[in-house]
Amino acid sequence: MKKIVTALALASLLFGFANAAEKKDPRLELMKDMRTMLDAMEQIQRGGLYSSTEDMKSGVKKLQGTLKSLEGDEVKSILPKDQVYAYKFAQKTAGMLRLYSDDMITSIEAGRMDDALEDYTQLLKQCTSCHIRIRNW
Amino acid sequence: MERRTFFKVMAAGATIVAVNPSLIRGNLYADDGRMYAAYDKVQIVDAAGNPIKASSLEKEVTYIFNYPYASTPCMLVNLPEPTQQDVALKSEMGEEYVWKSGVGKERTIVAYSAICAHQLTHPTPNDSFIKYVPKNVKTMAYEKSGIIVCSSHLSAYDASAGAKVLAGAAPQPLAAIVLEVAPDDTIWAVGVLGSDKFQDYFRAFKPELKDFYNGIAQGKQLVSISAKTVKLTEYSKEIIQY
């Protein structure tokens, strides 16, 4: 009996650990996404400076992969407490990032590099605009 | 042409322009710093195309119309009290100009570009972060209401004083739309006073203009004859105000 109780306790402990690992901290996830966004922006810029459309497109793909958490309602759980009310602004920013990054792909594919670099400028503006607002920069 | 006839023509022309400045088209940068761009004189009409009468405008409601370009949104508001008069304002570049006052019998009707002077936030068919905040509604942007607030970065503008900046990061007032109210109570937009952000707006929102106006060229067409006006609540699906 003692062995069974011990085994059950151990099993529930292990299950608890596994469950905790599965439930990722949304704030940590956001930080990870922000680092990925920074990488993506650097990659797009590098692509622009080295005339590599592939780098630019790959950067856009990387950037768009991070937008989901900002576009949905889960954004409320990752914003600083005093800024949760402004989640609509964060969602709007994510929407604009998607708009400009989609346009960048269209511009690259049409060979309109001036437009693509203008899209990059606007992407950067959206990033800083949101940081000014949400991080009280 | 005889000298006398020439002077007569010149005098008549000057008198007509003095009575109705909206006849001048183009930009005027006077030595005293006034800044005014005249566009086509356009009648403010409702969604069905019927002229809107100044006396029929609801108080403290944000109405939207596009002027002077097909894609540049403007706010029209009938304020609860008469506006200030001859307000001295300054653009981001230091150009000084004077906003005369609101129009209508009680000087309560004002119109401004709805493109925020800070980061160009503006109403779209999807959403709006900028609007007039009625006196009985609180805002985080400023201690008092009855003002225009851009909720993107909480810039506040004085609706009764030429959209002078009250708070926030906006570097200059909103450009004012110069209105005239005709004897039959109809409302007309005749020009833009102050520093507008139209070219920055066209550059920054090119992809958005493609979506909403089928292309930049259409969005950049000048409005003529009339401008359809609807309440902001009808113009944008969602209104966000902090």
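This report describes how helix H2 of chain A packs against two other helices, H3 and H7 of chain A, in a predicted model.

## Describing a helix pair

Two packed helices are described by the angle between their axes and the distance between the axes. Both quantities are given below for each pair, followed by the residues that meet.

## H2 and H3 of chain A

The axis of H2(A) and that of helix H3 of chain A, which covers residues 53-64, come within 7 Å and cross at roughly 160°. Because angles over 145 degrees count as roughly antiparallel, H2(A) is roughly antiparallel to H3(A), and the crossing in which H2(A) passes H3(A) is left-handed.

On the H2(A) side, the residues in this contact include Thr36(A), Asp39(A), Ala40(A), Gln43(A) and Arg46(A), while those of H3(A) include Asp55(A), Met56(A), Gly59(A), Val60(A) and Leu63(A). Sorted by class, the contact of H2(A) with H3(A) has 7 nonpolar, 7 polar and 4 charged residues.

## H2 and H7 of chain A

Helix H2, residues 26-49 of chain A, also meets helix H7, residues 113-134 of chain A, with axes that come within 11 Å and cross at roughly 155°. This angle makes H2(A) roughly antiparallel to H7(A), and here too the crossing is left-handed.

Met41(A), Ile44(A), Gln45(A) and Gly48(A) of H2(A) meet Leu117(A), Tyr120(A), Leu123(A), Leu124(A) and Cys127(A) of H7(A). The residues of this contact divide into 7 nonpolar and 2 polar, with no charged residue among them.

## Residues in both contacts

Met41(A), Ile44(A) and Gly48(A) of H2(A) take part in the contact with H7(A) and also in the contact with H3(A).

Key
Residues numbered from 1 in each chain as written. Chains lettered and ligands numbered in written order. Predicted model: local features only at pLDDT ≥ 70, side-chain atom pairs only at ≥ 80, totals over all residues. Axes fitted to C-alpha atoms, helices over the stretch in contact; angles between N-to-C directions. Helix = DSSP H or I, 4+ residues; strand = E, 2+ residues; numbered from the N terminus. Parallel < 35°, antiparallel > 145°, perpendicular 65-115°, else oblique. Left-handed = near helix turned anticlockwise from the far one by under 90°. Contact = placed C-beta atoms within 7 Å. Nonpolar A, V, L, I, M, F, W, Y, C, P; charged D, E, K, R; others polar.
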